[in-house]
Structures are given as structure tokens and as C-alpha cells.
Amino acid sequence: MQLLKSLDELRGWRTQLKGTVALVPTMGNLHEGHLKLVDLAKQHADHVVVSIFVNPMQFGANEDLDSYPRTLDADCIALAERNATAVFAPTVADVYPRGLEQQTFIEVPGISEILCGASRPGHFRGVATIVAKLFNMVQPDVAIFGEKDFQQLQVIRLMTRDLSLPVDIIGMPTERANDGLALSSRNGYLSAEHRKIAPIIYQTLQHAAAEIRSGAAPEAALSHARKHLEDNGLRIDYLELRRRDDLAPAQVTDPQLVLLVAAYLGKTRLIDNLQFDR
């Protein structure tokens with residue numbers, strides 16, 4: 001497995017590569033969910049490139065950029081065991097040579113301002129910009145993203161389509177712990193007590209979806225869900241029922257739906273979602 005630490009190294013390596021390429025963009029601190037993305041990527045291309053870059057553009061003020069875990073050596077060992085072809089781990093200076101203030105950016109209108117975008121202004125500008133840059137750097141045929149960050153996935157799909165980028169975007173269902181908690185690097189921030197509470201998030205989504213499928217009014221189901229989360233010590237950022245393809249507010253005629261939630265346990269912000277058909 002190749003470890004490429006600069007854009008020049010990547011481009012020199014890429015020009016000699018033959019066959020199709022899948023990209024798995026990550027911020028490192030890899031868990032089994034990330035590694036399953038690599039497994040899926042191998043099914044869709046001859047070579048798999050995993051990028052590891054903690055992207056400062058997608059972090060807001062007072063967020064966890066400085067404390068975000070950086071575990072490159074351990075990540076590379078895990079990726080080598082999964083037979084990734086290469087790891088691309090550039091520096092901030094390589095990715096943003098003129099600095100963040102002077103960086104050209106990409107913004108996907110509408111969908112970037114709702115849900116997580118409302119709570120984290122500028123977040124999806126950072127996501128869209130770094131993903132577009134990685135597509136230009138790596139030149140993949142396909143890119144693999146987890147569905148846990150469902151809004152992020154839809155933002156990237158829209159950006160790829162709007163900019164006519166020749167990359168096939170594939171989403172992979174959320175990888176979960178045995179108790180249902182969506183795997184996330186930020187789960188490591190949870191105290192032992194909060195880790196026991198956290199699976200309630202997905203359980204609550206399942207119950208709300210079942211209520212809606214059985215004919216309950218969505219607002220009533222969401223109200224019950226919000227109360228259940230709050231009663232168990234979670235502070236809700238949002239809990240919404242949306243149309244799946246564009247995340248517009250769900251209408252009674254929409255068959256394909258997604259429940260999306262962001263909530264705090266202590267200082268840790270967790271997100272999850274559940275897709276279902278009415």
C-alpha cells in the first residue's frame with residue numbers, strides 16, 4: 001500500500017496507474033464503518049484510494065478541529081489489512097496553499113442551509129469544496145460515502161451532478177454497533193454513562209417510523225420521539241421528517257422518506273437517520 005503525503009506524490013503515482021479507481025474520503029480515526037466503505041469500494045474499482053484529511057474548512061468556530069483525533073499510523077495499518085491500494089494524507093498547506101480566507105469555494109444552495117447546515121453555518125461549503133478538490137486530485141471513477149451523514153451524501157450528489165463531474169457516487173448503509181448506535185469517530189468522546197444512553201437515538205427513530213407507517217400523524221410521532229429523547233437526557237438540535245431525495249419537508253404524497261436527527265449527549269453531538277417508505 002502506498003502512502004502519499006503530497007499532491008505531487010499523488011499525481012506522479014496516479015499517472016502511472018492503470019484501471020479504475022474508487023475514492024473513500026475520510027478524516028481518519030478510522031472505525032469499522034470506514035473499513036466497510038473500503039470493502040465496498042473494492043467491489044466497484046480496480047484500485048481504492050483512501051484520503052485522510054481533517055478539513056478545517058468544514059469546522060466552525062468553537063468546534064472540535066483541534067481536538068479531532070488524528071491516528072494516521074493506526075489508520076494505515078488497518079487500511080493495509082483491508083488491501084487498500086493507497087492512502088492520500090495531504091497537509092493543510094497542500095490542500096489550501098493560499099489559506100482558507102483566500103480559497104475558492106463551492107456551495108450547494110438550499111440543501112446546505114437546512115438541518116446540520118442551519119446548526120453549523122458554512123459546514124457544507126467546506127464539505128463540498130474539499131470533496132470537489134479531492135475529486136480533481138485523485139481523479140476517481142467512483143466515490144464511496146456512508147449514509148450516516150445522509151445530508152452530506154445528498155449535498156455531494158447534487159454537487160457532482162451540478163458540476164457535471166464524472167464520478168459515480170455510491171452510498172453505503174450505516175454501520176452500527178450491536179446495540180444500534182451508528183459508528184462514528186465522535187463516539188469516542190462519549191462518557192461510559194452516555195455511551196449506554198446513545199443507542200436510544202436509533203431506537204427512537206425506529207419507533208417513530210413505525211408510528212408513521214401505521215398511519216399516525218407525522219407531527220404526533222415526532223413529538224413523541226422528541227419527548228422520549230429529552231426524557232433520556234438528550235438535547236435535541238433537530239428531529240425532522242424529510243423527503244429522501246432532496247430533503248424538502250415531507251408531504252403526505254411522498255412515499256420515500258427519511259427521519260434525521262442531531263442531538264447532544266453532554267458536549268458530544270451525534271447524528272443519525274432512518275430511511276423508510278410510507
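This report covers the sheets, helices, salt bridges and selected residues of a predicted model.

## Basis

Local features need pLDDT of at least 70 in this predicted model, side-chain atom pairs count only at pLDDT 80 or more, and totals for chains, interfaces and linings use all residues. Residues are numbered from 1 along each chain as its sequence is written, and side-chain values use heavy atoms, with hydrogens and water left out.

Helices (H or I, at least four residues) and strands (E, at least two) are DSSP runs, numbered from the N terminus. Two strands pair if DSSP finds at least two bridges between them.

## The parallel sheet

Six strands form an open sheet, in the order β1-β4-β3-β2-β5-β6. The pairing is parallel. β1 (2-4) and β6 (168-172) stand at the edges. Each has a single partner strand, so one side of each lacks a neighbour in the sheet. The twist averages 25° from one strand to the next. Axes here are lines fitted to C-alpha atoms, for helices over the stretch in contact, and angles run from 0 to 180 degrees between N-to-C directions.

Strand β5 (residues 142-146) runs parallel to β6, and 5 bridges join them. Isoleucine 144 has isoleucine 170 of β6 as its bridge partner. Phenylalanine 145 is partnered with glycine 171, also in β6. β6 is mostly covered, with 4 of its 5 residues buried. Buried means under 20% relative accessible area, exposed over 50%, and partly exposed in between (1.4 Å probe, protein chains only).

## Helices on the parallel sheet

Helix α3 (residues 72-81) lies across β1, β3 (47-52) and β4 (86-88). Its direction is at about 165° to β3. Helix α7 (residues 150-162) also packs on the sheet, where it touches β5 and β6. The direction of α7 makes about 170° with that of β6. Contact means heavy atoms within 4.5 Å.

Helix α6 (residues 123-138) has 16 residues. From first C-alpha to last, α6 reaches 22 Å, close to the 22 Å expected at 1.5 Å a residue. The expected span is 1.5 Å times one less than the number of residues. Of the 16 residues of α6, 14 are buried, so this helix is largely enclosed by the rest of the structure. Glutamine 139 follows α6 and has a positive phi, near 55°.

## The antiparallel sheet

A 3-stranded open sheet has the order β7-β8-β9, with antiparallel pairing. β7 (235-243) and β9 are the edge strands, each pairing on one side only. Neighbouring strands are turned by 10° against each other on average, direction ignored.

Strand β8 (residues 256-265) is joined to β9 by 10 bridges, and the two run antiparallel. Alanine 263 stands opposite leucine 270 in β9. Helix α10 (residues 218-231) lies across β7 and β8, at about 155° to β7.

## Salt bridges

The structure holds 17 salt bridges. A salt bridge is a side-chain nitrogen of Lys or Arg within 4 Å of a carboxyl oxygen of Asp or Glu. One of them links arginine 176 to aspartate 272, with the closest N and O atoms 2.9 Å apart. Arginine 176 lies in the loop between β6 and α8 (192-197), and aspartate 272 lies in strand β9 (residues 268-277), so the pair ties together parts 96 residues apart in sequence. Arginine 176 is partly exposed at 21% relative accessible area, whereas aspartate 272 is buried at 5%.

Arginine 226 meets glutamate 219 in a salt bridge (3.7 Å, N to O). Here arginine 226 is partly exposed at 24%, and glutamate 219 is exposed at 52%. Glutamate 240 and arginine 242 also meet in a salt bridge at 3.7 Å, N to O. Glutamate 240 is partly exposed at 27%, while arginine 242 is buried at 11%. Arg243, Asp245, Asp246 and Asp254 are linked in a salt-bridge network.

## Serine 185 and the cysteines

Serine 185 sits in the loop between β6 and α8. This serine is buried, with 10% relative accessibility. Leaving aside neighbours within four places in sequence, serine 185 is in contact with Gly28, Asn29, His31, His34 and Tyr68.

The count of disulfides is 0, a disulfide being a pair of cysteine sulfur atoms within 2.5 Å. Cysteine 76 is buried at 13% relative accessible area. Cysteine 116 is buried at 6%.
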